[in-house]
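Visitor: I have a structure open and some questions about it. Can we go through them?
Guide: Go ahead.

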Amino acid sequence: MEIVTVFGADGPEGHSVALRLLQMGTFKVRPLVTDPNSYLAQKLQAMGTEIVTVDLDSPSSIQEALKGASRCYAGTITDFTARDPLQKEIQYGYRIANACKENNIKHVVFHGSHHVHRRFGLPARHLDAKACINDYMNELGLPKTEIITPYYYENLLTAIQPTGSNCYKIDTTVLDLSHNSIRRILWQNFSKVRELKQLFLAFNEITFIATDAFENNPHLELLDISHNCLNAISSLPFMNLLALKHLDLSNNEYSEIALQDEFRNLQNLTFLKIGSPQISTLKANAFNELEGIPLKQFHLITGDISEYEGSLKMLKSLDTLILELNMWEHLDILKSLLGDISNATKALQIINPAKDYEERRYEATKWASTVIEGEVEKEAVKKGFKKLYSYIQGKNDKGVKIEMISPVINLVTHGSSNYTVSFFLPASYQSNPPAPTQSGIFIEEKRAMTVFVRSFGGFTSTQRNAENARLLAESLKRDGRPYHEEFYYTAGYDSPFKLINRRNEVWLLKRD
């Protein structure tokens, strides 16, 4: 009878897997536990099942536990008491994966997860770790099934507790819905999330927010609706947000700043980011409704200001004032503005938007490239990367392994579903690169070129790439810099296992 090892059999998930396998009677079950004296481990022993104690800090202990087994259920647990819970769980997962590979396990069932940090830019250590482990198992080529469980019913008795007959309340305090193509915010969207304190709605397509949208969210302290499509901010629903401390309304489509009376209700507001590149005038009453509000940090974004009527005079007692202005053609206006804020803040930062990109020159170089046709961008890059990776791993006429050099670039042509993914070839192979032996891969010599580059962090997506390409194009148009509008490049520099301080770029080719 084949042996199935079950990691985490002293935890609720692994224990339930072990019990079900024992009931089936198809396999010989080897439950692995880290604490043989735990209640669930003792429960298995009481059933006459032989349990095996495994030390996840010891690769040899894991190896020994898998000897003779043909199949394995692997689930990892996040130790939030550890100094670095993310890396600790990833280490455990890598050890299990390596041991499965070395013991020639026929099939692994792994409890995985999605890359939350990669997709949304916010860390979720218990999920990100499992996603990284799953990626590593794929790299090893383990025969594997990944299970992603979206929700446990037990949560209805813990995180979501019943408040009455057939009624549950959601105690979520932080909710990130950024990058989700949301267009409208209505009362019913957040009416059940009454304990909400932080709400992120950035990088959507929001054009409308109902007047009662946040009526049931009196505890909301942070609201980010930046990078959306609001064409006015004179009628936003702030009447019930008396606890609000941090508000970001920046980079929408409004062309003037006109705050409504309800702003005066925000008596706890200490951070405000407002404005857009479309704004060219600051009327005298633009910020009157901020009088009496205890702001400590104020961040203003505008385009090329051609008219200023002294509206910043009313700002007082700020800790930090950030002005992201394009006013270098109107120095008289800049002088007047600086005079109005001379006593308004302890720290002043002026950002010249013209510095939100760089100009970079590349000499003629050779790249290994492949064209992926008829795919969405994300899948095209994955397929292209996989093909090119096999080339540098030895699928070439010389059978040599080639060092991988960043960046990996992808050519995106507007209106096309074809993408060209390219690996840069090291200097030692520039003059005579090995010929690919796999169809669809070719050596491409890119001519010397000058590109405009915009950098951004986090994990990329089709939407984020397009958004940054759009922002770069806006900056170039603002500065009168000619560029090729029909395509752009994306450039990635980091392994998918790197979760923080990531570097991504979009390039627009300079037109001569």
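Visitor: What do the buried residues of α9 pack against?
Guide: They pack against β22 (365-372), β23 (405-413), β24 (419-424), β25 (441-446), α10 (462-478) and β27 (487-492). This is a predicted model, where local features need pLDDT of at least 70, side-chain atom pairs count only at pLDDT 80 or more, and totals for chains, interfaces and linings use all residues. Residues are numbered from 1 along each chain as its sequence is written, and side-chain values use heavy atoms, with hydrogens and water left out.

Visitor: Which residues of α9 are buried?
Guide: E377, A380, G384, L388, S390, Y391 and I392. Buried means under 20% relative accessible area, exposed over 50%, partly exposed in between (1.4 Å probe, protein chains only). Helices (H or I, at least four residues) and strands (E, at least two) are DSSP runs, numbered from the N terminus.

Visitor: And what comes after α9?
Guide: G394 follows, with a positive phi near 130 degrees.

Visitor: New topic. How many disulfides?
Guide: The count is 0, where a disulfide is a pair of cysteine sulfur atoms within 2.5 Å.

Visitor: Is C72 buried or exposed?
Guide: C72 counts as buried, because its relative accessibility is 2%.

Visitor: What about C132, buried or exposed?
Guide: C132 counts as buried too, at 1% relative accessibility.

Note on methods. Contact means heavy atoms within 4.5 Å.
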